[in-house]
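Here are my notes on the model, for your review. Please read them with the structure open.

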Amino acid sequence: MHTVNFLVRLVEHHQVLAYAILYVGLIIEGEIFLISTGILIHLGAFNFLLSVIFLLLVGLSKIIIGYALGECLCKKFNHHRFFKYIKKRVYSVLPRFKTKPFWSIFVSKFMIGTNYFVIIFSGYEKVDYREFLKAEISSTLIWVPLMLSLGYFFSYTALHI
């Protein structure tokens, strides 16, 4: 319990650094950092409302950066063998990506490890930006509270056993 109290005090006293680490962590590996944030919210280290707003903004910045990266890769490496391979793999996992990109992008948010590729691939394939944003924002509005509540619930259970 001393380690938990130390961690809570550390996050409370260094909020700016904690949110900076959370920003980078959510860009790189979202699920683990969201569940950890849910645990820290339960412990009182983070403010719930501020954390949810911050995490939604981080998700939005991740979406914009990933789409722009995909557009940049399309301009530089349009006919490269590696991207033809990636295109084939994305279409095998999400076969209706070309015909119904909204649902493919929406569902990819809940498939661990595929959302990063789908965001970049959407920019690479030049999916309609409005449809892309609509799918990603709507899935992010569900995904962030879901992952936070998982962390909150499991920390509540673990600390009360």
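1. Basis. This is a predicted model, in which local features need pLDDT of at least 70, side-chain atom pairs count only at pLDDT 80 or more, and totals for chains, interfaces and linings use all residues. Residues are numbered from 1 along each chain as its sequence is written, and side-chain values use heavy atoms, with hydrogens and water left out.

2. Helices H2 and H3. Helices here are DSSP runs (H or I, at least four residues), numbered from the N terminus. H2 spans residues 15-28 and H3 residues 30-43; they pack at about 140°, with axes 6 Å apart. Axes are lines fitted to C-alpha atoms over the stretch in contact, and angles run from 0 to 180 degrees between N-to-C directions. H2 is therefore oblique to H3 (under 35 degrees is roughly parallel, over 145 roughly antiparallel, 65 to 115 roughly perpendicular, the rest oblique).

3. Their contact. On the H2 side are Ile-21, Leu-22, Gly-25, Leu-26 and Ile-28; they meet Gly-30, Phe-33, Leu-34 and Thr-37 of H3. Contact means heavy atoms within 4.5 Å.

4. Ser-155. This residue lies in helix H8, residues 129-159. Ser-155 counts as buried because its relative accessibility is 4% (buried is under 20% relative accessible area, exposed over 50%, partly exposed in between, with a 1.4 Å probe and protein chains only). Beyond neighbours within four places in sequence, Ser-155 touches Gly-38, Ile-39 and His-42. With His-42 there is a side-chain to side-chain polar contact at 3.3 Å (a pair of N or O atoms within 3.5 Å, where one must be able to donate a hydrogen and the other to accept it; residues adjacent in sequence count only if both atoms are side-chain atoms).

5. Aromatic rings. Rings of Phe, Tyr and Trp (its six-membered ring) pair if their centres lie within 6.5 Å; planes under 30 degrees apart are stacked, over 60 edge-to-face, the rest tilted. The count comes to 17 aromatic pairs. Phe-121 and Tyr-124 are stacked, because their ring centres are 6.3 Å apart and their planes at 25°. Both are buried. They sit 3 residues apart in helix H7 (residues 115-124), so about one helical turn separates them. Ring pairs join Phe-121 and Tyr-124 in a cluster with Phe-77, Phe-82, Phe-83, Tyr-91 and Phe-97.

6. Trp-103. Helix H6, residues 101-108, holds Trp-103. At 52% relative accessibility, Trp-103 counts as exposed. Ala-135 is 32 residues away in sequence, yet the C-alpha to C-alpha distance to Trp-103 is 7.2 Å.

Terms used:
Helix = DSSP H or I, 4+ residues; strand = E, 2+ residues; numbered from the N terminus.
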